[in-house]
Amino acid sequence: MTKAPGDRPCTKICHYDDDTGWCLGCGMTKAEKKAWKRIPAYRDAIRLALPARLAALAAEGHPTGEAARAKRRKE
């Protein structure tokens, strides 16, 4: 499923890394998820940061994206 440019990157997993505060599903912080709704001008900056965050989480051994969803179901 391809997301349109205005679509939220949120994957509705909402499981956060304790050290960084980044969501394992999408990479956003709780504050960024709120800002996404309230400050549309901030969306491009949020989107640009997410791939690197998810890559960093994965490099530390965290399941990310859909893999985080599967892990969350096991908890």
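Student: Let's begin with one side chain. Does R69 count as buried, partly exposed or exposed?
Tutor: Keep in mind that this is a predicted model. Buried means under 20% relative accessible area and exposed means over 50%. R69 comes out at 23%, so by those cut-offs R69 counts as partly exposed.

Student: And which residue does R69 meet in a salt bridge?
Tutor: The two side chains come to 2.9 Å, N to O. A salt bridge needs a Lys or Arg nitrogen within 4 Å of an Asp or Glu carboxyl oxygen. The partner of R69 is E66.

Student: About how many helical turns separate R69 and E66?
Tutor: Both belong to helix 3, residues 66-74, and they are three residues apart there. An α-helix has 3.6 residues a turn, so residues three or four places apart point the same way. The separation of R69 and E66 is therefore about one helical turn.

Student: Is E66 buried or exposed?
Tutor: The cut-off for exposed is over 50%. E66 has a relative accessible area of 51%. So E66 is exposed.

Student: Let's zoom out. In what order do the elements run from the N terminus?
Tutor: The protein has three helices and zero strands. That leaves a simple pattern to read from the N terminus on: α-α-α.

Student: What percentage of the residues count as buried?
Tutor: The protein has 75 residues. A residue goes into the buried group if its relative accessible area is under 20%. The buried share is 28%.

Student: Now for helix 1. Which of its residues are buried?
Tutor: Helix 1 covers residues 30-38. What covers its buried residues includes helix 2, residues 43-59. The buried ones are E32, K33, A35 and W36.

Student: Why do we say that those buried residues line one face?
Tutor: Start with the four buried residues, E32, K33, A35 and W36. Now look down the axis of helix 1: because they fall within a limited arc, they line one face of the helix. That arc is 165 degrees.

Student: How do helix 1 and helix 2 run, roughly parallel or roughly antiparallel?
Tutor: Their axes come within 10 Å and cross at roughly 150 degrees. Angles over 145 degrees count as roughly antiparallel. The crossing is left-handed. So helix 1 and helix 2 are roughly antiparallel.

Student: With which residue does E32 form a salt bridge?
Tutor: The whole structure has two salt bridges. In the one with E32, the closest N and O atoms are 2.5 Å apart. The pair links distant parts of the chain, helix 1 and helix 2, 21 residues apart.

Student: How far apart in space are R8 and K33, C-alpha to C-alpha?
Tutor: In sequence, R8 and K33 are 25 residues apart. In space, the distance is 8.7 Å.

Student: D17 is in that segment before helix 1 too. Which residues does D17 contact, leaving aside its neighbours within four places in sequence?
Tutor: D17 has a relative accessible area of 7%. Buried means under 20%, so D17 is buried. Its contacts, with those neighbours set aside, are W22, L24, L57 and H62.

Student: One last thing: what is phi, about, for K12?
Tutor: K12 also lies in the segment before helix 1, and at 69% relative accessibility K12 counts as exposed. K12 is not a glycine, yet its phi is positive. C14, in the segment before helix 1, also has a positive phi, near 50 degrees. For K12 the value is about 60 degrees.

Terms used
Residues numbered from 1 in each chain as written. Predicted model: local features only at pLDDT ≥ 70, side-chain atom pairs only at ≥ 80, totals over all residues. Heavy atoms only, no water. Buried < 20%, exposed > 50% of the residue type's maximum accessible area, 1.4 Å probe, protein only. Helix = DSSP H or I, 4+ residues; strand = E, 2+ residues; numbered from the N terminus. Arc of directions from axis to C-beta. Contact = heavy atoms within 4.5 Å. Axes fitted to C-alpha atoms, helices over the stretch in contact; angles between N-to-C directions. Parallel < 35°, antiparallel > 145°, perpendicular 65-115°, else oblique. Left-handed = near helix turned anticlockwise from the far one by under 90°.
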